Every structure is written in C-alpha cells, then in structure tokens.
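Thanks, everyone. I will go through one model this morning, starting with a convention and then moving to helix packing, domains and the chain contact.

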Amino acid sequence: MTSPVTSASTNSHVGREDRMLLKIEEFRKRRPRLIDELITLAHGAGGKSSAALTDNVFVEAFRNPELEQLGDGAVLALPSGERLAFSTDSFVVQPIEFPGGTIGHLAVHGTVNDLAVSGAVPQWLSAAFVIEEGFAISRLRSIVADMRQAADAAGVQIVTGDTKVVAKGAADGLYISTAGVGVVPAGRQLGADLVEAGDRLVLSGALGDHGMAVMLARGDLAIDADEIVSDTAPVHEMVAALLTAAPGTRWMRDATRGGLGTVCNELAQTAGIGVILDEAALPVHPQVLGACDMLGIDPIYVANEGKFVAVVPEEQAEAAVAALRAHPLGVEAVVVGQVVPEPPGMVALRTPFGGSRIVDMLVGDPLPRIC
Amino acid sequence: MKFVDEFRDPAAARALVKSITQLAGEDEFKFMEVCGGHTHTIYRHGLEHILPPGIELVHGPGCPVCVIPMGRVDDAMWLAEQPDVIFTTFGDMMRVPGSRGSLLDAKARGADVRFVYSPLDALKIAGDNPGKHVVFFAVGFETTAPSTAVTLVRAKQLGVQNFSVFCNHVTIVPPIRAILESPDLRLHGFLGPGHVSTVVGTRPYRFVPETYGKPLVVAGFEPLDILATVHMLLQQIRDGRCEVENQYGRVVREEGNVQALKLLGETMELRPHFEWRGLGFISQSALKINGAYADFDAEERFSMPGVRVADPKACQCGEVLKGVIKPWECKVFGTACTPETPIGTCMVSPEGACAAYYNFGRMHREAADMIGQTAGV
C-alpha cells in the first residue's frame with residue numbers, strides 16, 4: 001500500500017494539496033508546544049492542550065523511562081523479577097451523584113480499570129479526600145459506602161488514605177484521588193510497540209453513556225433522557241476473559257476522557273501506525289446518539305467509565321469478542337476497526353456511505369468535569 | 001453507529017450518488033453550501049469523497065462564529081472584564097480569538113464567562129444573581145435571532161433590571177448577494193440555508209435565480225439531504241430550469257415562521273452597515289436592538305471601546321468564506337493556524353470551513369477511496 005498522504009498524482013492541483021497535507025502532518029508530529037500563560041479548562045480535557053501540559057510541565061520535570069511511556073499505569077519491576085502496575089487518578093465529577101453511580105464508584109473503577117488495562121490484577125488502592133467545609137457527613141458516608149461496594153466487586157482493598165478539609169468556596173463539595181497497585185502475571189507482555197498492521201481493534205461496549213449521563217444530570221440542558229445511565233463499572237473481569245481467549249492481545253486502554261477517538265489517536269501516535277474505524281460498527285445507544293446530535297457532540301469523543309479498547313491479532317479477534325460478550329458487561333462488544341501501516345499516526349473513519357474522514361484528537365472541552 | 005434513520009440510509013445514499021454521477025456526466029460543477037451546518041455534515045459523513053470528482057462543494061459564509069470581526073470579540077472581552085458582570089455566550093464563541101486572546105483566556109484571568117445553550121438560560125442566570133449584571137453575547141443568523149427576541153420580550157415582561165444583550169445577529173441575504181457580486185466567482189448554484197429558512201422562508205432567495213441566474217435549493221442537514229439537494233441542482237441545470245426549490249420541505253415553509261419574524265420586527269432593526277470578518281462592511285446585513293428595548297441593549301448601557309481591528313495579515317478567512325480559495329490553500333492553514341491555536345475564525349467553530357477540513361477532511365481522494373473501500377472490518 002502506498003502512503004495515501006504522499007502518493008504522487010498526475011493532477012498538479014491535487015499534487016499541491018498533497019504537499020500541503022504532508023507539511024501539516026509533519027507539523028502535527030512535533031512535540032506539542034505549551035504557549036498558554038494560564039491554565040484553561042482545555043488543559044484538563046484530555047486532548048491536545050492536556051498533552052502539551054503533561055509533556056512540557058510534568059514529563060519535563062519528572063523525566064524517567066517509566067513516566068515517559070505515558071501509559072494508564074506504570075509497570076515496575078521488583079528486584080525479585082515480579083512486576084507491579086501502579087496508577088493514580090483524581091475525581092472532580094459534578095454532580096457528585098448521577099444516574100448509574102457516584103463519585104465513589106468512579107474513584108474505585110477509574111483506578112481499577114487503569115491497572116487492569118495495564119495487564120495487572122488490581123489489588124490495593126489508596127484514597128485521598130478533599131472535602132469542602134459544610135459537606136454533609138451522611139452524604140460522605142453514602143459515597144464511601146459506594147466505594148466499599150465498588151472495591152469489593154473489583155476484588156481490591158482500600159488500604160491507606162488521607163483527608164483534607166478546605167474552607168467553604170475553596171472546593172466544590174468533594175474531590176477524591178485514588179492510587180492503586182496491581183500485580184502483573186509472569187509472562188504477560190503488552191505494549192504499543194507490539195501492535196502490527198492487520199491487527200483488529202475490539203471495543204468492549206457502547207460509547208458515550210457516562211459523559212452524556214453526567215452532562216444531562218446537571219439539568220442545564222432541559223433534555224429528559226431517563227434511559228441514559230453511566231456505564232461506570234470495573235473492567236478487570238472482562239480483561240481477564242479477553243486475555244484468556246486472545247492471548248496474543250497486544251495493547252489495551254480504557255476509553256475514558258476524550259473517548260474512543262482520543263484513545264485511537266494515542267495508539268496511532270505511540271505505535272506509529274494508522275487506525276481505520278468503521279462507523280457502522282460503533283455501538284452507541286440511540287438515546288445517547290440523539291442527545292449527542294442535539295448538542296453537536298461526536299459520541300466518539302465522549303467519556304466512558306467501563307469500556308476499553310484492545311488491539312488483538314486478526315485471527316484472535318473473533319474469540320476476543322466472544323469472550324467479552326459472554327460477560328454481562330460486554331454483551332455489546334464488537335470489532336470496531338483495524339490497524340494499517342499507513343498513514344502513521346493517523347486515525348481515519350469509514351462512514352456507512354463509504355465516505356471517509358479523519359478522527360483527530362479532541363480540541364477544547366465540550367463536557368468539563370465528567371470524572 | 002447504526003444510523004437507521006431514513007435520512008442516513010447508506011443504500012439510499014448509494015442510489016443518489018449513482019444518479020448524481022449520471023446527471024453530472026463529464027462536466028464540472030461548483031456548488032456553494034451557504035450554511036456552516038452543511039459544511040459540517042459534508043465533512044463529518046465524508047460526502048465530498050463519495051460525490052463524483054467533477055462536483056466541487058464550496059464552503060460559504062454561513063458560519064455565524066466565523067463572520068464576527070475581531071473588534072467585536074475585543075468588545076465582548078471588554079464587557080466580560082467589567083466588574084460585577086457575568087458574561088454569557090454560546091460555547092463556540094469561547095475560543096474565537098480577538099486581539100488579546102479569547103473569552104476562554106479572559107475566563108482564566110478571572111472574568112465570569114459562562115456558556116449557555118439558550119439566551120433564556122442567560123436570563124435565568126440574571127434572575128439567580130440579582131447583584132450582578134448579566135450580558136448575553138448574541139451571535140447567529142435569523143436562526144438564533146428569534147430566541148434572542150423571545151428573551152428580550154420576556155426580560156421586559158418580567159421587568160428584569162440586570163440583563164442586557166450584546167447583539168451581533170446577522171442576516172443571510174446580504175452576504176449571498178455580496179458573494180454573487182464578487183467578480184472572481186464561478187459558481188453553478190447554491191445549497192440554500194436550512195435552519196435560517198425555517199424562519200425567513202424561501203421567498204427572500206428569489207433574486208438568486210432571477211437577478212443572477214443561479215439555481216438555489218434550500219437543503220436539510222442530514223447526509224441524504226445534502227445528496228438530494230445536489231441532485232436537485234443538477235436536475236434543474238439539465239432541465240434548463242433556474243429557480244428556488246425546497247428540499248427541506250419537512251421543516252421549511254415558503255412563508256417561513258411568521259411569528260418569529262414578527263418578534264424580530266418588534267425587538268430589532270437593521271443596522272445601516274455591519275463589518276463581516278473577511279467580507280468587509282456589508283450594508284443592512286445585521287440586526288440591532290431597537291429603541292423599545294434599548295434598556296436591554298449592552299451597546300447602549302456600556303461604553304464599549306468599539307475599536308475596529310484589522311484581520312491578521314496572514315489570515316485568508318475572507319477568501320475562504322467567499323469560496324475563492326480552499327481552506328488548505330491559505331498560507332497559514334494547518335501550521336500557524338490550527339484548531340488549538342486558531343488565527344482566523346474559520347478554524348474555530350466546528351462549522352467553519354477550515355476547522356471542518358482540518359478535523360475531518362485532511363486527506364486526499366486516493367486515501368479516502370482506499371479507506372472507503374476497506375471491506376467491513
């Protein structure tokens with residue numbers, strides 16, 4: 001296959017457009033520059049601004065090989081040879097309670113899922129609470145009960161923690177930060193560098209439920225959609241089933257902030273491959289699609305809290321999907337795309353009409369504070 | 001995504017494309033879609049690449065965010081930074097660059113800038129914050145102007161004291177006329193605006209075929225609407241007809257929305273002239289709040305700087321808006337001007353021609369064909 005971006009053309013007009021496109025692709029591959037003076041909400045959106053901030057501020061200061069992987073969790077080798085996965089996440093969702101869950105569920109699921117898609121069996125969590133003065137203790141108790149229930153369901157224990165209270169107005173109710181440790185079974189190898197052309201992308205279920213559920217729960221849109229419920233859930237059991245059925249699995253990522261579109265872009269850029277998604281195959285519940293259409297939001301960028309993407313060899317894709325569908329949370333699992341050698345770093349989508357478009361990283365923040 | 005919707009049916013799309021290809025034959029056609037919503041649909045569904053190569057869609061000036069000049073954005077930021085002001089606007093306007101950054105930057109510097117989905121939400125914020133003055137930054141064509149009009153009427157009925165509108169509503173007919181007067185124009189017809197026409201109806205476009213001899217078909221926003229409209233334009237040309245037709249009949253009536261037009265007449269009046277980004281001053285092309293509602297006119301209540309700011313030299317938004325150049329032909333496209341750091345407004349709104357091309361269409365035909373043909377994965 002020739003490079004679609006660079007292949008020559010006899011038409012000089014098209015040739016000029018090609019050269020321009022090539023220049024743009026070169027430009028896009030540069031390290032993101034941080035030109036802003038102040039933090040804006042875009043820096044927290046998980047898109048290009050977030051990447052620029054992470055790269056220019058955090059990675060620059062903390063630089064080390066584990067961090068530079070920029071995975072959902074760091075995989076660390078112990079002197080004994082055993083490997084641990086270590087991950088952290090913070091939660092500022094507003095509203096704190098929403099259809100399908102609360103900030104408590106998210107705080108556990110978020111970290112458990114980051115560990116699971118790193119290839120680890122999640123085991124221990126820490127939890128830190130920043131609480132605004134005036135917050136009802138009964139409400140805190142209820143959220144902590146949600147955390148306990150979520151931890152039990154995920155087979156993890158919350159073994160250490162911290163509490164801070166700030167003056168009224170200095171925080172918005174309650175923020176939670178969790179960190180987690182899991183053990184990576186011997187012999188398990190996952191990494192973007194293992195991804196090959198021809199591999200298939202398997203998605204564990206429908207897109208956009210969490211982001212839209214939280215957005216609508218804020219009530220400022222006056223859209224009634226009772227059926228839209230957050231998908232917050234632990235994915236560790238689905239991951240285990242998938243890895244058994246498709247032992248050749250190359251790479252996994254949970255499709256949280258920035259959605260499937262952002263995850264695929266991260267894969268394409270890290271692995272230096274192209275990704276083609278099939279729009280007709282993307283599972284989106286009709287109510288979510290309707291709400292997204294109304295708001296002008298593409299469900300491909302909307303956050304999920306119980307869905308992950310796995311890259312599996314073509315010949316194991318069918319088994320992978322079957323294994324996921326056998327799990328109650330994975331009944332809508334499906335192959336959504338494939339890995340292609342060209343164009344590297346780019347994600348394209350094939351529309352149901354046989355048209356095509358680029359799926360770029362998300363710019364700006366359509367839905368702030370959803371996790 | 002399963003678009004079971006009758007307006008997104010792939011089989012119907014293929015049949016239409018086949019028929020369009022037959023009608024077009026070996027000839028070349030340039031049609032302008034006036035509306036930014038159409039531009040977005042065309043790129044989002046990859047329609048450019050499934051139409052025959054002889055049919056070129058030129059992206060017109062109908063993205064309301066894209067036509068707001070920098071001086072007006074500077075005025076908006078000045079308003080947002082006044083003490084005790086809560087400044088409200090549609091989300092798309094937050095990232096539009098003025099000469100000192102965008103409203104998003106003003107917000108990060110401490111201004112109380114909030115995005116709303118309706119001006120009525122802004123009025124509600126005024127009710128909830130009696131100690132503050134709430135300004136709504138009103139932008140848009142006749143599509144959004146009636147919702148501003150309703151809000152003005154409601155504010156007056158309720159006797160709200162702490163609410164005003166910074167009105168930047170524009171009208172659709174003058175820029176279409178300006179484009180038709182442009183000497184470097186080579187268009188064969190127009191995909192007429194859909195949402196605007198729900199308000200103004202189809203009559204105001206009669207001058208397009210009658211004076212300028214170009215067919216115009218009012219189009220809906222689903223992918224099949226766009227294809228059907230292209231088909232109708234070609235059919236007119238092949239039949240030797242030249243008229244205004246309505247493809248979006250399920251929503252648009254010939255007379256428009258009489259009640260909405262009446263409300264507009266009650267609350268707003270035409271400005272003698274208004275500056276459009278890239279197009280310059282166009283007479284009688286924008287709306288101002290009229291004397292009866294002057295208490296709610298931010299331009300009356302505040303002495304805004306009102307400084308006219310020239311567009312950045314490198315920016316070619318004007319030529320893009322007129323369809324003279326394609327987005328990628330602009331000198332700064334994709335390098336200095338990207339959706340993260342837009343120089344021109346066409347790169348800001350998802351309906352802007354440059355942003356749509358950058359986000360969805362940055363791929364040439366061979367690549368697109370290859371992807372389109374990738375057998376079901």
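This is a predicted model: local features need pLDDT of at least 70, side-chain atom pairs count only at pLDDT 80 or more; totals for chains, interfaces and linings use all residues.

Start in chain B, with helix H6, residues 145-158, and helix H11, residues 258-267. Their axes come within 9 Å and cross at roughly 60°. H6(B) and H11(B) are therefore oblique to each other. The crossing of H6(B) past H11(B) is left-handed. On the H6(B) side the contact uses Ala145(B), Pro146(B), Ala149(B), Val150(B), Leu152(B) and Val153(B). H11(B) answers with Ala260(B), Leu263(B), Leu264(B) and Thr267(B). Sorted by class, this contact of H6(B) with H11(B) has nine nonpolar residues, one polar and no charged ones.

The second pair is also in chain B: helix H1, residues 10-24, and helix H10, residues 223-239. Here the axes are 10 Å apart and the angle is about 25°. That makes H1(B) roughly parallel to H10(B), because angles under 35 degrees are counted that way. H1(B) also passes H10(B) in a left-handed crossing. Contact residues on H1(B) include Leu16(B), Val17(B), Ile20(B) and Leu23(B). Those on H10(B) include Leu224(B), Leu227(B), His231(B) and Arg238(B). The class count for H1(B) with H10(B) is 13 nonpolar, three polar and one charged.

Chain B as a whole has 15 helices and 13 strands. Its radius of gyration is 21 Å, close to the 21 Å from the globule rule for 377 residues, so chain B is as compact as a globular protein of that length. The C-alpha trace of chain B spans about 65 × 45 × 45 Å along its principal axes.

Now chain A, with 10 helices and 14 strands. The radius of gyration of chain A is 21 Å, close to the 21 Å that the globule rule gives for 371 residues, so chain A is as compact as a globular protein of that length. Along the principal axes, the C-alpha atoms of chain A fill a box of roughly 70 × 50 × 45 Å.

How is chain A divided into domains? The assignment gives domain 1 as 71-184 and domain 2 as 192-358. Taken over C-alpha atoms, the centres of these two domains of chain A are separated by 23 Å. Their contact takes 19 residues from domain 1 and 20 residues from domain 2. On the domain 1 side, helix H4 (103-117) and helix H5 (137-154) of chain A each supply at least two residues. H4(A) has the largest share of that side, nine residues. The domain 1 side divides into 11 nonpolar, six polar and two charged residues.

Notes:
Residues are numbered from 1 along each chain as its sequence is written. Chains are lettered from A and ligands numbered from 1 in the order in which they are written. Axes are lines fitted to C-alpha atoms, for helices over the stretch in contact, and angles run from 0 to 180 degrees between N-to-C directions. Helices (H or I, at least four residues) and strands (E, at least two) are DSSP runs, numbered from the N terminus. Angles under 35 degrees count as roughly parallel, over 145 as roughly antiparallel, 65 to 115 as roughly perpendicular and the rest as oblique. A crossing is left-handed if the near helix is turned anticlockwise from the far one by less than a right angle, and right-handed if clockwise. Two residues are in contact if their C-beta atoms, placed from the backbone, lie within 7 Å. Ala, Val, Leu, Ile, Met, Phe, Trp, Tyr, Cys and Pro count as nonpolar, Asp, Glu, Lys and Arg as charged, and the others, Gly among them, as polar. Domain bounds come from an automatic or database domain assignment. The radius of gyration is taken over C-alpha atoms; the globule rule is 2.2 Å times the number of residues to the power 0.38.
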